[in-house]
Amino acid sequence: MVELKRRRLFSSAETPSPNTMQISSRKAQHKTIIMILDFASSCNTYEKEFYTQSYFDETPCPKCGAIGRFNMHGSYCRHVMYFVEVSLVHAIIDLKRIKCRSCKSTHAIMPGDLIPYKLLSLCVLLHILVTHILDKTPVLKIAEQIGFSFQFIYSCISGFVLHKPRIHLYFMETLNVFASSISSCTELLSLIEKPYIKFQRGYIERNRRPCFMRKFFYGGGGPPIGLAVPSAAAT
Ligand SMILES: [Zn+2]
């Protein structure tokens with residue numbers, strides 16, 4: 001557990017609260033599972049027991065498009081690092097799975113701030129990016145503060161640079177502004193901060209992929225990432 005000085009990135013509405021994570025010894029089977037992000041939950045609030053079949057009555061299947069045709073289908077474990085108040089914790093979350101009755105595909109229900117195939121939650125990743133790019137904190141200093149290797153911090157920054165053109169395009173389309181006025185890393189990261197979870201949801205709706213997900217980045221392969229859209233889950 002690492003104590004971190006947090007900054008303006010996290011508004012009170014987004015500040016995670018402590019929560020008990022479910023831990024299971026079941027073997028991970030995520031390689032063939034399509035993911036659905038639920039923006040009504042976060043790494044801090046996620047409870048697999050919360051989900052019932054009726055929760056997905058309005059959710060489209062990411063693979064075949066059928067709406068609300070899901071059965072509960074077990075769970076699997078997944079490592080993640082996220083903030084609990086000012087502490088960075090490494091936990092194993094037991095993710096609920098559902099299965100589409102139309103196409104028989106299986107989907108993992110993930111909290112909206114979890115990035116598929118990445119260890120860090122969106123909140124932690126943005127903390128690193130903001131600390132380096134906006135606050136100008138050296139990579140070695142961040143690595144020391146957060147307890148990661150400097151190579152890992154550099155990989156986080158390179159992931160941002162990789163996604164920068166798509167982030168740029170997203171804000172050009174959604175803000176209807178001139179490309180040159182939001183072209184720098186500093187400007188784009190500042191836009192993501194307000195608020196970051198809203199950005200991620202909008203980005204997925206346009207790209208069928210979460211921002212900062214590097215797997216399948218090249219070539220466009222891999223299944224699309226779905227969104228859970230229960231009527232009671234307005235975000
Ligand atoms: Zn389906």
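Modeller: Ile128, Thr131 and His132 in α1 meet Val139, Ile142 and Ile146 in α2. Contact here means that C-beta atoms, placed from the backbone, lie within 7 Å. The residues of this contact divide into 4 nonpolar, 2 polar and no charged. Ala, Val, Leu, Ile, Met, Phe, Trp, Tyr, Cys and Pro count as nonpolar, Asp, Glu, Lys and Arg as charged, and the others, Gly among them, as polar.

This is a predicted model: local features need pLDDT of at least 70, side-chain atom pairs count only at pLDDT 80 or more, and totals for chains, interfaces and linings use all residues. Residues are numbered from 1 along each chain as its sequence is written.

Now the geometry. Helix α1 spans residues 122-134 and helix α2 spans residues 139-146. Helices (H or I, at least four residues) and strands (E, at least two) are DSSP runs, numbered from the N terminus. The two axes come within 10 Å and cross at roughly 145 degrees. Axes are lines fitted to C-alpha atoms, for helices over the stretch in contact, and angles run from 0 to 180 degrees between N-to-C directions.

Take Ile142, which sits in helix α2. Ile142 counts as buried because it has 21 C-beta neighbours inside 10 Å. The cut-offs are 20 or more other C-beta atoms within 10 Å for buried, 12 or fewer for exposed, and partly exposed in between. Leaving out residues up to four places away in sequence, Ile142 touches Ile128, Thr131, His132, Thr137 and Ile153. His127 is 15 residues from Ile142 along the chain, and their C-alpha atoms are separated by 10.0 Å.

Next, the core. The largest nonpolar core has 53 residues. Such a core is a set of buried Ala, Val, Leu, Ile, Met, Phe, Trp, Tyr and Cys residues joined through C-beta atoms within 7 Å. Those with the most contacts inside it are Ile109, Met110, Val124, Leu125, Leu126 and Leu129. Elements giving it two or more residues include β2 (34-38), β5 (106-111), α1 and α3 (150-175). α1 gives the most, with 8 residues. The core draws at least three residues from each of domain 1 (2-121) and domain 2 (123-207). Those bounds come from an automatic or database domain assignment.

Last, Leu37 in strand β2. Leu37 counts as buried, with 23 C-beta neighbours inside 10 Å. Its contacts beyond four places in sequence include Met110, Ile204 and Leu227.

How values were computed
Contact = placed C-beta atoms within 7 Å.
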